[in-house]
Protein chains: 2
Amino acid sequence: MTKARTHVLEAVSSASEPLSARQLCDLFRDDHDQATIYRALHYLEGKGSVESFILHCDCHGTERYYVARAGAHRHWFHCERCHRFTDLGPCRFDDLIGNVSAEKRLAIRSHTFYATGLCGACQNSEVDATH
Amino acid sequence: MTKARTHVLEAVSSASEPLSARQLCDLFRDDHDQATIYRALHYLEGKGSVESFILHCDCHGTERYYVARAGAHRHWFHCERCHRFTDLGPCRFDDLIGNVSAEKRLAIRSHTFYATGLCGACQNSEVDATH
DNA sequence: TTCTATTTGCGAATCGTTCGCAAAAGATAC
DNA sequence: GTATCTTTTGCGAACGATTCGCAAATAGAA
Ligand SMILES: [Mn+2]
Ligand SMILES: [Mn+2]
Ligand SMILES: [Zn+2]
Ligand SMILES: [Zn+2]
């Protein structure tokens, strides 16, 4: 593991929510080039250390977000107002995916799920939260 | 409804699977500019006539795909080899989403789900299918 | 340490998408 | 129908996220 890859994996692993490539580039602006960050993320994803999903929000545009692969595969909720993620817990789609792949004769290798809306805090406040 | 918007809605409505903005631009290359296609899609989505999701595949990159909103909200499977979509049928996530939004106090306004892998035909053949 | 394979930084390119602006098309009022 | 006001369009340029090519730096093996 090179220094860049170690830094990126540590950052993703210690984060409590998914981080975008852009956030990681900002975080390591002084240490690593953005191409290096992107390449480290590809490497780590190929190795199975991190996984990613693409999410669009009006405020931040379309970006890929990364989470460490520790324990069970998880899904996330993204708040449209404060832009924080909420962990929805371990994937509950195994049965559904098993059923549908049998019904339609599909070999499902991966799936993406996420939900968006307002988190608890943002439902209760009219103030604009930080981005 | 202008001519461009009508054309785009007709194309999306008559398609049996999601169409990307790029496919629509190609389809109407002689009639409408790509900016017009994108603007028509935004208009139709705002109006609730179509809905979209973003999907990445190694072959086609990251693109937004559009489907007509007729009847129940649906989800799709995308084959990594032949790049065709399979309709997974009406959304079966209502209970799950209800449970998780209650558990975590989230106001879920929308969700995205799709699966990828190999379709039935591609599991049974080693030949490369058309893109 | 020396040698070789791999990774990095830099800048430019790519791709999907969006913008600004002037011309064209629609809608409304005579 | 014509004048007038509003909306949409086409065009070209810009945009933001991501990727590329290549020479310099680094990591690993011997
Ligand atoms: Mn956001
Ligand atoms: Mn594809
Ligand atoms: Zn929030
Ligand atoms: Zn297939």
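**Entry: helix 1 against helix 3 in chain B.** I began with how helix 1 of chain B lies on helix 3 of chain B in this predicted model. Helix 1 covers residues 3–14 and helix 3 covers residues 34–47, and I find the two packed at an angle of about 75°, with 9 Å between their axes. An angle from 65 to 115 degrees counts as roughly perpendicular, so I noted helix 1 and helix 3 of chain B as roughly perpendicular to each other.

Which residues make that contact in chain B? From helix 1 of chain B I listed Ala4(B), Arg5(B), Val8(B) and Leu9(B). Their partners in helix 3 of chain B are Thr36(B), Ile37(B), Ala40(B), Leu41(B), Tyr43(B) and Leu44(B). Sorted by class, this helix contact in chain B holds 8 nonpolar residues, 1 polar and 1 charged.

**Entry: the pair in chain A.** I then turned to helix 1 (residues 3–14) and helix 3 (residues 34–47) of chain A, where I read an angle of about 75° and axes 9 Å apart. Helix 1 of chain A is therefore roughly perpendicular to helix 3 of chain A. On the helix 1 side of chain A I have Ala4(A), Arg5(A), Val8(A) and Leu9(A), which meet residues of helix 3 including Ile37(A), Leu41(A) and Leu44(A). I count 8 nonpolar residues, 1 polar and 1 charged in this contact of chain A.

**Entry: chain A as a whole.** I went through the elements of chain A and found 5 helices and 6 strands. Their order from the N terminus is α-β-α-α-β-β-β-β-α-β-α. Along the principal axes, I put the C-alpha atoms of chain A in a box of roughly 50 × 45 × 25 Å.

**Entry: where the chains meet.** How much area do chain B and chain A bury between them? I have about 2,900 Å², with 60% of it on carbon and sulfur atoms. In this interface, 34 residues of chain B touch 34 residues of chain A.

I looked next at the charged pairs, and the tally between chain B and chain A is 4 salt bridges. One I looked up by name joins the side chains of Arg92(B) and Glu103(A), at 2.8 Å from N to O. I also have 17 residue pairs in polar contact across the interface.

Which elements of chain B supply at least two residues each to the side that touches chain A? My list has strand 2, strand 3, strand 5, helix 4, strand 6 and helix 5 of chain B. Strand 6 of chain B gives the largest share, 12 residues. By class, I divided this side of chain B into 15 nonpolar, 11 polar and 8 charged residues.

Conventions: Residues numbered from 1 in each chain as written. Chains lettered and ligands numbered in written order. Predicted model: local features only at pLDDT ≥ 70, side-chain atom pairs only at ≥ 80, totals over all residues. Heavy atoms only, no water. Axes fitted to C-alpha atoms, helices over the stretch in contact; angles between N-to-C directions. Helix = DSSP H or I, 4+ residues; strand = E, 2+ residues; numbered from the N terminus. Parallel < 35°, antiparallel > 145°, perpendicular 65-115°, else oblique. Contact = heavy atoms within 4.5 Å. Nonpolar A, V, L, I, M, F, W, Y, C, P; charged D, E, K, R; others polar. Buried area = accessible area lost by both parts, 1.4 Å probe. Polar contact = N/O pair within 3.5 Å; in protein donor to acceptor, adjacent residues only side chain to side chain.
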